[in-house]
Amino acid sequence: MSAEAFRLHGHDLVDWIADYLDGVEDRPVTAQVEPGWVRRQLPPEPPERGEPFADVLADVERIVVPGLAHWQHPSWFAYFPANSSGPAVLGELLSAGLGVQGMLWATSPACTELEAHLLDWMVTALGLPEVFRSDGPGGGTIADSASSAVLCALLAARERATAGAINCTGIDRPLAVYATAQAHSSIEKAVRIAGLGSDALRTVSVDGEHALSPAALDAALEADRAAGVEPVMVVATVGTTSSSALDPLPEIAEVCRRHRVWLHVDAAYAGVAAVCPELRWIHAGLELADSYCTNAHKWLLTNFDCTLFYVADRAALVGALGILPEYLRNAATASGDVIDYRDWQVPLGRRFRALKLWFVLRHYGLEGLRAHIREHVEAASWLAQQVVAHPDFTLAAPAPLSLVCFRRLGGDALNERLLAALNDSGELYCTHTRLDGAYTLRLAVGGTRTERRHVEAAWARVTATAARLVAHPGAQRDAEQPV
Ligand SMILES: *Cc1c(COP(=O)(O)O)cnc(C)c1O
């Protein structure tokens with residue numbers, strides 16, 4: 001593609017994206033296609049000859065758009081949000097345009113140094129402990145996902161627990177990892193990938209608010225040590241996926257220190273809220289953690305993928321993941337004066353992800369990011385109050401941040417039908433979980449375009465839909481079930 005053609009089509013595509021985002025609110029939130037519909041629109045064979053870009057863009061409109069769930073719709077309340085913003089999209093475009101692969105400092109010093117600098121900025125921005133700054137033994141990196149962060153943390157923790165017995169050679173005892181049943185599935189995946197086996201994951205019990213019980217953790221560690229099992233890592237979650245429960249970090253950290261176990265703190269969704277000083281209490285106790293992650297790509301206006309992953313001591317991480325083949329040797333690496341981020345992650349290659357975060361920070365400033373978080377925390381708190389005040393609904397868990405979990409009185413079947421009816425309307429999208437065994441609706445506020453009025457409209461729809469289902473004869477049976 002010539003520079004002239006790229007310029008032309010690039011402008012067309014940017015116009016297309018701007019129009020799409022401008023009109024996204026008028027679309028049904030979720031895709032309205034049957035399985036297989038998208039593939040049936042595509043030719044069975046790849047094109048033998050090149051085609052005009054305009055034809056490709058027309059097919060985006062015809063084939064791709066109908067098959068989209070519109071994550072950027074302001075009434076997207078499902079899972080957690082995946083923010084996308086103008087500056088972040090432009091940062092992604094620049095990263096693609098530069099085509100840099102930043103595996104080593106030497107393969108693009110700016111890619112490494114901008115990243116290291118931004119991760120230090122984020123320590124300040126989120127009020128994180130100084131141990132995570134890169135000018136001491138610790139430091140941060142941008143990982144593709146919180147799942148990768150917990151895997152790398154586990155590999156580093158195992159490195160430390162086994163005194164550097166890389167590849168587990170010479171480990172003569174079983175290893176174990178600890179988290180609650182509310183913790184993210186990526187922890188079990190990491191345990192499997194690391195070769196510990198799912199049995200190595202211990203489920204620590206929770207308190208009435210779905211948060212880890214430090215006493216139960218203490219007992220589990222004690223029992224394993226007595227049985228000759230080596231505890232490798234504890235994962236505490238700040239803001240669980242099911243209900244945004246906050247595991248009590250100070251008590252957990254104290255237990256971990258006493259048992260000499262690596263503490264990883266998974267704040268994938270909630271951590272970025274700490275950009276607001278009044279919300280920094282969620283991180284109390286974090287100064288004793290060995291590693292930490294939060295996702296700028298959920299609720300901090302930065303496109304996926306942008307996980308901020310920190311370690312208090314990078315030696316274990318680099319010890320576990322650093323390999324230097326002859327073909328990567330270079331003077332800068334040999335000098336020991338530079339960071340080679342390939343040693344902080346599973347793949348060798350890496351994208352220039354820092355650009356989008358840099359653009360976001362400079363475009364919005366911390367003030368702008370705080371306003372974004374505050375608007376959603378206030379809207380979620382308003383919603384939680386409505387749920388509490390409504391005689392037919394219950395709040396299923398505390399809502400300290402932007403996730404509200406609730407149920408309509410009347411049993412699981414009614415709540416399942418309520419969620420299906422809400423989502424079928426195309427006007428909003430929520431998902432569900434199970435808390436204390438009961439089917440529970442989750443409404444996660446936090447989209448780039450989500451405002452208070454969208455949350456108000458969602459609640460009006462929830463109550464009206466529930467009333468309609470209960471009034472409908474078919475719904476009567478469920479409504480009469482005990483709560
Ligand atoms: C979303 C989430 C994850 C997984 O995040 P990815 O970046 O998609 O891997 C892990 N833990 C928690 C608490 C989450 O909310």
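How exposed is Leu90, in terms of relative accessible area? Leu90 is partly exposed, with a relative accessible area of 46%, where buried means under 20%, exposed over 50% and partly exposed in between, using a 1.4 Å probe and protein chains only. The structure is a predicted model, in which local features need pLDDT of at least 70 and side-chain atom pairs count only at pLDDT 80 or more, while totals for chains, interfaces and linings use all residues. Residues are numbered from 1 along each chain as its sequence is written, and side-chain values use heavy atoms, with hydrogens and water left out.

Leu90 is placed in helix H4; helices (H or I, at least four residues) and strands (E, at least two) are DSSP runs numbered from the N terminus. Together with Val14 and Leu93, Leu90 makes a nonpolar surface patch of about 260 Å². Patches are made of residues with over 30% relative accessible area and no salt bridge, with like charges joined within 9 Å and nonpolar side chains (Val, Leu, Ile, Met, Phe, Trp, Tyr) within 5 Å. A salt bridge here is a side-chain nitrogen of Lys or Arg within 4 Å of a carboxyl oxygen of Asp or Glu.

Helix H4 also holds Ala88, which counts as buried at 0% relative accessibility. Not counting residues up to four places away in sequence, Ala88 touches Leu301, Thr302, Asn303, Lys356 and Val360, contact meaning heavy atoms within 4.5 Å. Ala88 and Leu443 are 355 residues apart in sequence, and their C-alpha atoms are 25 Å apart in space.

The aromatic rings come next. A search of the whole structure finds 15 aromatic pairs, a pair being rings of Phe, Tyr and Trp (its six-membered ring) with centres within 6.5 Å; planes under 30 degrees apart count as stacked, over 60 as edge-to-face and the rest as tilted. The pair of Trp76 and Tyr429 is edge-to-face, because the ring centres lie 4.9 Å apart and the planes stand at 80 degrees. Trp76 lies in the loop between helix H3 (53–64) and helix H4 (86–98), and Tyr429 in the loop between helix H14 (412–424) and strand S10 (431–435), so this pair ties together parts that are 353 residues apart in sequence. Trp76 is buried, at a relative accessible area of 3%, and Tyr429 is buried too, at 16%. One aromatic cluster is formed by Trp71, Trp76, Tyr79 and Tyr429.

Phe132 and Tyr292 form a stacked pair, 6.2 Å centre to centre with 25 degrees between the planes. Phe132 lies in the loop between helix H5 (109–126) and strand S1 (139–143), whereas Tyr292 is in strand S6 (residues 291–295), so the pair ties together parts that are 160 residues apart in sequence. Phe132 is buried at 0% relative accessibility, and Tyr292 is buried with a relative accessible area of 0%.

Two arginines lie over ring faces: Arg442 over Phe80, at 5.0 Å from the ring centre, and Arg408 over Phe393, at 6.0 Å. For a charge to sit over a ring, NZ of Lys or CZ of Arg must be within 6 Å of the ring centre and within 35 degrees of the ring normal.

Glu115, found in helix H5, counts as buried at 1% relative accessibility and touches residues including Thr141, Tyr341 and Arg350. Asp224 is in helix H8 (residues 214–226) and is buried at 9% relative accessibility. Leaving aside neighbours within four places in sequence, Asp224 is in contact with Ala176, Tyr178, Arg202 and Val229.

Notes: Accessible areas come from the Shrake-Rupley method with a 1.4 Å probe; for residues, only the protein chains shown count as cover.
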